Amino acid sequence: MMEKYYEINAPAVISEPMEEELVVINLDSGCYYSLNKTATLLWNQLEQGCSINQAARQMALFYGSDEASVIADFTSFIERLMEEQLIKAGNGDPKDWPLSKERQSEPYLKPSFEKYSDMQEMLLLDPIHEVSEVGWPHQEKK
Amino acid sequence: MVKPDELLLLYAILEKNDSMALAYYAKWTQAVDFDNIEGGSFRLLPLLYKRVARTGKSVPHLNRLKGIYRQSLYRNSLLFHKAFKMLAELEKMGVPVILLKGTALIAAYYEDIGARMMNDVDFLVREEDVERTLRFLKEQGWQDRYGLLLNKAAKYIHSLDLKNPDGYELDVHWYAFYQCCWDGADLSLWDRAETAAFKGVSVRLLSPTHQIMHNCAHGIRWNPLSSIRWIVDVLIILEKRAASIDWELLISEAAERKLTVTMLHALSFLNSKFNAGIPEEVLSRLATMRKDPQELRLFAILTSPRRFGDISYKWFIHSDSMGSAPFWEKAVLFPDFLKNFWELQSLHQLPLYVLKRIKQKLTQRRYA
């Protein structure tokens, strides 16, 4: 099977790691994304030039999970990233082995992101008084 | 100059030792009401988050601080993106720009786009490029906040705030220092400017020596929002580029620019409260230099609370430009000065325009 490679849609898309979360911003649309841990690891793998199959193989080893189901998860997640124009097709050139080869004790979670698209609302949202316990951009439930 | 709770906040941010930083943080949270943090302190919360998060400890309000950092990251990223496109166009037109204030500090010193809150992007253009810069920005939809947009560089002001329809703000400077608006005032800034790469873009910045002077001169001004940010800004420049500071240049330019009082005041404060490591010889030389009476008067005006906006500053400029003319003559001509300053067509427009500015300032203050 032909390997598929991707790259981050820079400079319109930027990402900033924050502890176990990755914040991704599409500067053209103003959309803000918060990636979960698996999605963050996958994002790093794509930045390093891994194909879907290479990334899934590493991730399956990392979590001790089934490679075929990880490939299926990654394939559909990458489609979503493409739809959001956060990544684009690229040329593969793996630079590093981004994941530790040691097995993780935590369970594998499907890659996912939360999306916030109302730019004006996000800019005006008071980050002290109008947010939930987890902080901006999570709005307090009224 | 700095309130006790602000000092605790600054120590929490700047302290190198983790447990000491957390101790200052705990004292600060006891000293303030987290739901009603003063605007000047609020602007430092992204930096506070970074410092506290680095300790790896869970502390009260951590998630809210993290959210404030996220919002700052988001807001600044959009602002940089918008502004850098514009600045790249200016460079293509042959208009070089130097980044100033927060934008420059983020690019060269904080190296973290969310660490320092910004309201606008400040940049300097050469005096001869002001007209075409403003013309270009006007074509791109950037408007003067007061709806006037100057067509020519005003003689007495150093910068102009512009806003676009999406609410982004630019601050175009043609003189870097508001105290130094004369022909050729900034030639040495351009001569010594540095370049740096930030997020894949090459940017031009003031030399570290000029950066310190600029941040001290702006920071020490009285501001309705406590302007304690300049303290962290100058300390980070000193920390990262200590070996590159040309103290001789700072002393000589402080004299030329009539900024000896300002520099002495700011640098002495940093040494006494933060052990900033500024050579004592620099302070004693600044202290013994002759102080120009005009500089002392301007320093007093700029560091005192301004109940009537910048009107005392404008009076100072007007009065200074009329030299030894009698007071009554200066007073009679002051409305005319304001009319020209704000580029109004006639004196009749003045009262309404002043009211409009006051209303705008009050609104800004409420939401700042």
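Let me start with one pair of residues in this predicted model: Tyr33(A) stands opposite Lys115(A), which belongs to β6(A). The strands around that pair are β4, residues 31-35 of chain A, and β6(A), and they pair in the antiparallel sense over four bridges.

If we step back from there, we find an open sheet of four strands in chain A, in the order β2-β3-β4-β6, with antiparallel pairing. Which strands stand at the edges of our sheet? They are β2 (13-18) and β6 (113-116) of chain A, and because each has a single partner strand, one side of each is left without a neighbour in the sheet. On average, and with direction ignored, neighbouring strands of this sheet are turned by 20 degrees against each other.

Now, what lies across this sheet from chain B? Helix α5 of chain B, residues 62-92, lies across β2, β3 (21-26) and β4 of chain A, and α5(B) runs at about 25 degrees to β3(A).

Let me finish within chain B, where helix α6 (residues 101-110) packs with helix α10 (residues 229-241) at an angle of about 30 degrees, their axes being 11 Å apart. The crossing of α6(B) and α10(B) is left-handed. On the α6(B) side we have Leu105(B), Tyr109(B) and Tyr110(B), and these meet Asp233(B), Ile236(B), Ile237(B) and Lys240(B) in α10(B). Sorted by class, that contact has five nonpolar residues and two charged ones, with no polar residues.

Terms used. Residues are numbered from 1 along each chain as its sequence is written. Chains are lettered from A and ligands numbered from 1 in the order in which they are written. This is a predicted model: local features need pLDDT of at least 70, side-chain atom pairs count only at pLDDT 80 or more; totals for chains, interfaces and linings use all residues. Two strands pair if DSSP finds at least two bridges between them. Helices (H or I, at least four residues) and strands (E, at least two) are DSSP runs, numbered from the N terminus. Axes are lines fitted to C-alpha atoms, for helices over the stretch in contact, and angles run from 0 to 180 degrees between N-to-C directions. Two residues are in contact if their C-beta atoms, placed from the backbone, lie within 7 Å. A crossing is left-handed if the near helix is turned anticlockwise from the far one by less than a right angle, and right-handed if clockwise. Ala, Val, Leu, Ile, Met, Phe, Trp, Tyr, Cys and Pro count as nonpolar, Asp, Glu, Lys and Arg as charged, and the others, Gly among them, as polar.
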